[in-house]
Amino acid sequence: MPELPEVETIKRGLLTRILNKRIMRIVVLNEKSWRGLPSERIVGESIVAIERRGKALLLRMSNGLYVMVHLRMTGQIIVDEGESGEEAARFAAGHPDESFREKMPGRHTRVVIEFEDGVRLYFNDLRKFGFMKVLDELGVQEERFLRKLGPEPWEMTEDDFWERLQRHRTAPVKAVILNQEVIAGVGNIYADEGCFVARIYPGVRCGELTREEADKLLEGLREVMQASIDSGGSTMKDYVKADGTRGDYLEKFAQVFRRNGKSCRECGAEILKTRVAGRGTHYCPRCQRGAEC
DNA sequence: CTAGGATCCTGTCAGC
DNA sequence: TGCTGACAGGATCCTA
């Protein structure tokens, strides 16, 4: 669920909170959530750099090892600072749900990383699809997901995007932009939103797209993801316990995602939900070309 | 090679 | 109330 904008939000949140802090202890509560080298290999080290590649985070440690983090469907990162009382400031991002407000560790906490100064990072993940994975330099180079990952939306040219779409002419547009080898970081929300901006029904086959529509699609994906990053992702932003302020991309910006039954903000038609590429898909039957079913 | 479906896992919600 | 199936902001593996 966390897509490129949410992961970027996490990256920025972590940079100001745990960069250069020493890890004092790591508690793995679910074995499958921790992969690669044992956690002991990074205890005593600190995080010296953080980068994002698509929906994955790569933390570089002071001993040269890396921690790859992938939140998959339900992962979330929570950082508590200061004393673990009511005054503790909290940063919470990733899959937005009530646990953002709850006491940590919680029912779905899979890994706890304790830093110096009483700073604690919680990796929560209800469905256990996500993971933290310790790799050495070679391991990062050989990591399949990273090797196959397509270019970032802003690093890609329109020509490149067009050529990639042409390699999947019989597949629905949505299936192709969700493919991380084609373009990095797009998930179900921004796929639907990007298609709406480009006025294309997500089920249209790539081979039926005009070059102009493909250009609009790339532009639309960039636009919706940038807007989300600028507002702190579709998840909650920083807050102090008992505050619970929501920073909410979905409510503010979503034109179609989870708006089925509501009226289109552009034309007033009813937003519909269907299934494309095996995923719930939201669209405006009037604004988006090819939507007649 | 591509496309589509099952699969990993837990929880929630709609419909009997 | 209790059960059942569908579905979920992802990626991979298997099959056709």
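What follows is a short talk about labels and the values behind them.

Modeller: This is a predicted model, in which local features need pLDDT of at least 70, side-chain atom pairs count only at pLDDT 80 or more, and totals for chains, interfaces and linings use all residues. Residues are numbered from 1 along each chain as its sequence is written, while chains are lettered from A and ligands numbered from 1 in the order in which they are written.

Biologist: Why is Lys 128 called partly exposed?

Modeller: Count the C-beta atoms, placed from the backbone: 20 or more others within 10 Å means buried, 12 or fewer means exposed, and in between is partly exposed. Lys 128 has 15. That value falls in between, so Lys 128 is partly exposed.

Biologist: What makes the phi of Lys 128 worth a remark?

Modeller: Phi is positive, about 65°, although Lys 128 is not a glycine. Lys 128 sits in the loop between strand 9 (120–125) and strand 10 (131–135). Strands (E, at least two residues) and helices (H or I, at least four) are DSSP runs, numbered from the N terminus.

Biologist: Why does Ala 277 count as partly exposed?

Modeller: Ala 277 has 18 C-beta neighbours inside 10 Å, so the partly exposed label applies to Ala 277 too. Its phi is near 55°, a positive value in a residue other than glycine. Ala 277 lies in the loop between strand 12 (272–276) and strand 13 (279–283).

Biologist: How do you know that the buried residues of helix 4 are on the same side?

Modeller: In helix 4 (residues 158–166), the buried residues are Phe 161, Arg 164 and Leu 165. They cover an arc of only 100° around the axis, and therefore share one side of helix 4. The arc is taken from the directions from the helix axis to the C-beta atoms. The face turned away carries the exposed Asp 159, Glu 163 and Gln 166.

Biologist: What do the buried residues of helix 4 pack against?

Modeller: Helix 5 (173–178) and helix 7 (211–230). Contact here means C-beta atoms, placed from the backbone, within 7 Å.

Biologist: Which residues are closest to DNA strand B?

Modeller: Arg 127, Lys 128, His 168, Thr 170 and Ala 171 are the closest of 13 that surround DNA strand B. A residue is near a strand if its C-beta atom, placed from the backbone, lies within 6 Å of it.

Biologist: And which come nearest to DNA strand C?

Modeller: Met 1, Phe 145, Gly 187, Asn 188 and Gly 280, out of 19 residues around DNA strand C. Helix 3 (144–148) and helix 6 (188–197) each give two or more residues to that surface.

Terms used:
Contact = placed C-beta atoms within 7 Å.
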